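Please look over the sequence and the model first.

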Amino acid sequence: MNIIRLILLLLLIWVIWSLFNRKNKKALKIQDKPVIKQGEMVSCQHCGLHVPTEEAIKIDDTNFCCKEHSKL
Ligand SMILES: [Zn+2]
């Protein structure tokens with residue numbers, strides 16, 4: 001009888017563990033979404049150099065690669 005109890009206990013642990021893992025995977029997928037946005041590139045209006053959106057300097061819907069080019 002002890003072996004059956006042990007198996008049932010292990011089965012219960014496995015079910016809880018797999019449910020916990022599923023929740024973790026969902027949380028990771030939500031965190032992955034902003035990474036895709038970081039890959040977006042914009043071109044400088046002065047020299048045409050492609051820079052990531054977060055690094056570009058945006059002035060009146062016009063993108064520049066650096067502060068120097070935004071002034072020109
Ligand atoms: Zn530039």
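N63 touches V42, S43, C44, Q45, A56, I57 and K58, leaving out residues up to four places away in sequence; contact means heavy atoms within 4.5 Å. N63 sits in strand β4 (residues 62-64). Helices (H or I, at least four residues) and strands (E, at least two) are DSSP runs, numbered from the N terminus.

This is a predicted model: local features need pLDDT of at least 70, side-chain atom pairs count only at pLDDT 80 or more, and totals for chains, interfaces and linings use all residues. Residues are numbered from 1 along each chain as its sequence is written, and side-chain values use heavy atoms, with hydrogens and water left out.

**Overall fold**

The chain has two helices and four strands. From the N terminus, the order is α-β-β-β-β-α. Of its 72 residues, 14% count as buried. Buried means under 20% relative accessible area, exposed over 50%, partly exposed in between (1.4 Å probe, protein chains only).

**Zinc site**

C44 (SG), C47 (SG), C65 (SG) and H69 (ND1) coordinate the zinc ion at 1.8 to 2.4 Å. Donors are N, O and S atoms within 2.8 Å of the metal (3.2 Å for Na, K and Ca); water is not among the atoms, so sites may look incomplete. The site is tetrahedral, with angles of 99 to 122° among the four donor atoms; for four donors, that label requires all angles between 85 and 135 degrees. The donor residues follow the spacing C-x2-C-x17-C-x3-H. C44, in the loop between β1 (41-43) and β2 (50-52), and H69, in helix α2 (residues 67-71), link distant parts of the chain, 25 residues apart.

**Core and salt bridge**

The largest nonpolar core has six residues: V42, C44, V51, A56, F64 and C65. Such a core is a set of buried Ala, Val, Leu, Ile, Met, Phe, Trp, Tyr and Cys residues joined through side-chain atoms within 4.5 Å. Beyond its neighbours within four places in sequence, C65 contacts C44, C47, L49, V51, E55 and I57.

The structure holds one salt bridge. D61 and K58 form a salt bridge through their side chains (3.8 Å, N to O). The criterion is a side-chain nitrogen of Lys or Arg within 4 Å of a carboxyl oxygen of Asp or Glu.

Relative accessibility for selected residues:

| Residue | Relative accessibility | Class |
|---|---|---|
| C44 | 4% | buried |
| H69 | 17% | buried |
| N63 | 18% | buried |
| K58 | 56% | exposed |
| D61 | 68% | exposed |

Note on methods
Four donors count as tetrahedral if all angles lie between 85 and 135 degrees; four count as square planar and six as octahedral if opposite donors are over 155 degrees apart and all others between 65 and 115; anything else is irregular.
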